[in-house]
Amino acid sequence: MRKWIVSVVGLIFGIYLIYIPDTAEAGKKRTFEEDIKQDWAQKVCSNPESKVPPELLDKFLEEQRKLIKYPESGNIYGDWKRGEKLFSNPKKGNCYACHCADPKELACGNLGPNLKGYGKKKKDPEYTYRKIYNSWAYVPCSVMYRAGVHGRLTPEEIADIVAYLHSPESPINK
Amino acid sequence: MIIRYALLALVTSGMLAVSIGEEIKDPAEEVKKQKKLLLEVMGVLPGDLIVEEGKEYFHKKGPNGKSCASCHGKDGKGEKMPLVGAYATMPKYYKDIDKVADIDLRIKSCMEKYLGYDPKKISGKAGRKVIVPLATYVASLSNGMKFNVKLDHPKEKEMFEKGKELWYARVGKMDFSCAMCHDKYGGYRIRLQTLAKPKESKVMRYWPAYRYSKDKMWTMEDRIRGCYKQIRVTRPPFYHWAHVALQMYMAVNSNGGVVEVPGFVR
């Protein structure tokens with residue numbers, strides 16, 4: 001009987017030990033309050049017109065431009081095939097949520113412009129890179145999320161999407 | 001009951017099959033079609049069954065022997081504290097709990113304070129199983145009446161201001177706000193889903209609503225949590241002040257709208 005109790009207590013203690021790191025992890029769980037904390041730009045954009053007051057516009061644009069970083073290699077034109085996957089992946093670019101692009105993808109949103117033939121019309125990959133990295137450096141308070149600023153896409157991943165949008169091989173430009 | 005769920009499963013799986021091959025359709029027409037389809041197959045709308053379920057809970061005794069009906073009367077039509085028309089004035093400040101409450105929080109508070117439920121036991125999923133049908137039933141008692149939320153109490157005004165602030169706040173890694181999707185881009189599509197215009201449609205008048213795409217009854221708290229999830233912001237827990245605040249903002253914008261619960265939405 002004693003042995004039983006000892007082993008059961010031991011087992012419970014063992015399970016407790018296993019779960020300690022888990023509860024520590026749970027303690028770090030993000031909360032709603034943390035997630036609704038805003039950066040300065042988000043605060044400025046939080047008005048019914050979703051516009052930056054004119055007197056703040058220069059400062060706003062300058063700050064947003066400063067946030068743009070480039071890949072270490074300096075190459076902003078990556079691999080279009082990788083870019084294609086990142087573009088459609090809901091956990092990465094999730095670009096089809098708002099844009100149509102490859103005509104084969106029918107489940108595409110219309111908050112942003114249709115990107116079909118993008119590379120034929122736009123000839124400046126660096127602009128594309130910067131716009132994806134931080135749309136607010138071009139259109140303050142735009143509905144387009146700042147993929148690079150928030151780290152949802154790395155500089156290298158953005159470079160791949162740039163290639164997908166510009167490459168003549170890409171289905172977008174066929 | 002089993003037959004009901006089997007039928008539901010059948011119908012919803014049919015809907016899914018339809019929606020996979022789906023192209024862009026007029027969302028209002030689509031809702032009408034799905035409603036008609038469900039009525040044909042089941043002979044009754046799932047939301048109406050949930051109202052009945054809520055009615056049963058309303059008259060069921062809690063741990064201390066009291067039911068909702070003990071205070072509010074049979075079918076909520078008592079002489080004291082009747083609930084007919086109550087929903088059309090919510091969220092509202094309640095003296096007994098010294099809080100502004102939406103319908104979810106009001107019901108949960110009653111269950112704890114007057115029916116003797118252990119708060120721990122009803123704060124999670126088990127609680128939702130009872131609170132959602134109850135909310136649907138109680139809200140339906142205001143059907144046909146006009147939404148008329150007033151900001152008389154200072155705490156109500158404060159809640160409204162907090163809700164307005166949240167509505168316009170650009171937050172999280174997607175830089176979204178409620179207003180971006182539901183004011184500025186209301187009517188546009190995220191993928192194939194048309195974004196609702198809750199202010200224009202006086203949204204509070206038809207929630208809680210049955211969502212045919214999920215085969216679930218949702219209160220506005222469920223809906224708000226769903227929105228935050230979609231914009232990658234950690235969801236506020238149920239009964240959190242953010243739910244009350246946002247509903248206060250939407251309710252004031254729903255004033256004048258005629259209550260029609262349960263709603264039927266995608």
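**A pocket and its neighbours**

α5(B) gives the most to the lining of the second largest pocket, with 5 residues. This is a predicted model, where local features need pLDDT of at least 70, side-chain atom pairs count only at pLDDT 80 or more, and totals for chains, interfaces and linings use all residues. Residues are numbered from 1 along each chain as its sequence is written, chains are lettered from A and ligands numbered from 1 in the order in which they are written, and side-chain values use heavy atoms, with hydrogens and water left out.

Q: What makes a residue part of the lining of the second largest pocket, and which ones lie nearest its centre?
A: On a 1 Å grid over the protein atoms alone, a pocket is an open set of points with protein on both sides within 12 Å along at least five of seven lines, and a lining residue has an atom within 4 Å of a point. For this pocket 23 residues qualify, with His72(B), Met81(B), Leu83(B), Arg106(B) and Cys110(B) nearest the centre. The space inside is about 470 Å³, counted as what probe spheres set on the points would fill.

Q: Which elements of chain B each supply at least two residues of that lining?
A: They are α4, β1, α5 (103–113) and α7 (125–140). Helices here are DSSP runs of H or I with at least four residues, and strands are runs of E with at least two, numbered from the N terminus.

Q: How many residues of the lining are nonpolar, polar and charged?
A: Ala, Val, Leu, Ile, Met, Phe, Trp, Tyr, Cys and Pro count as nonpolar, Asp, Glu, Lys and Arg as charged, and the others, Gly among them, as polar. Sorted that way, the lining has 17 nonpolar, 3 polar and 3 charged residues.

Q: What about Asp215(B): which class does its relative accessibility put it in?
A: Asp215(B) has 24%, so it counts as partly exposed. Asp215(B) sits in the loop between β5 and β6 (216–218) of chain B, and its phi is positive too, about 50°. Most residues other than glycine have a negative phi, and most peptide bonds are trans.

Q: How do you know whether Arg146(A) is buried or exposed?
A: Its relative accessibility is 0%, so Arg146(A) is buried. It touches residues including Asp39(A), Tyr133(A), Trp136(A) and Asp175(B), where a contact means heavy atoms within 4.5 Å.

Q: How confident is the predictor about chain B?
A: pLDDT is the predictor's confidence in each residue, from 0 to 100. Chain B averages 91, and 91% of its residues score at least 70. Over residues 16–22 of chain B, though, the pLDDT is below 50. Where pLDDT is low, the predicted coordinates should not be read in detail.

Note on methods: Buried means under 20% relative accessible area, exposed over 50%, partly exposed in between (1.4 Å probe, protein chains only). On a 1 Å grid over the protein atoms alone, a cavity is a set of points where a 1.4 Å probe fits but cannot get out, and a pocket is an open set with protein on both sides within 12 Å along at least five of seven lines; lining residues have an atom within 4 Å of a point. Lists of a residue's contacts leave out its neighbours within four places in sequence.
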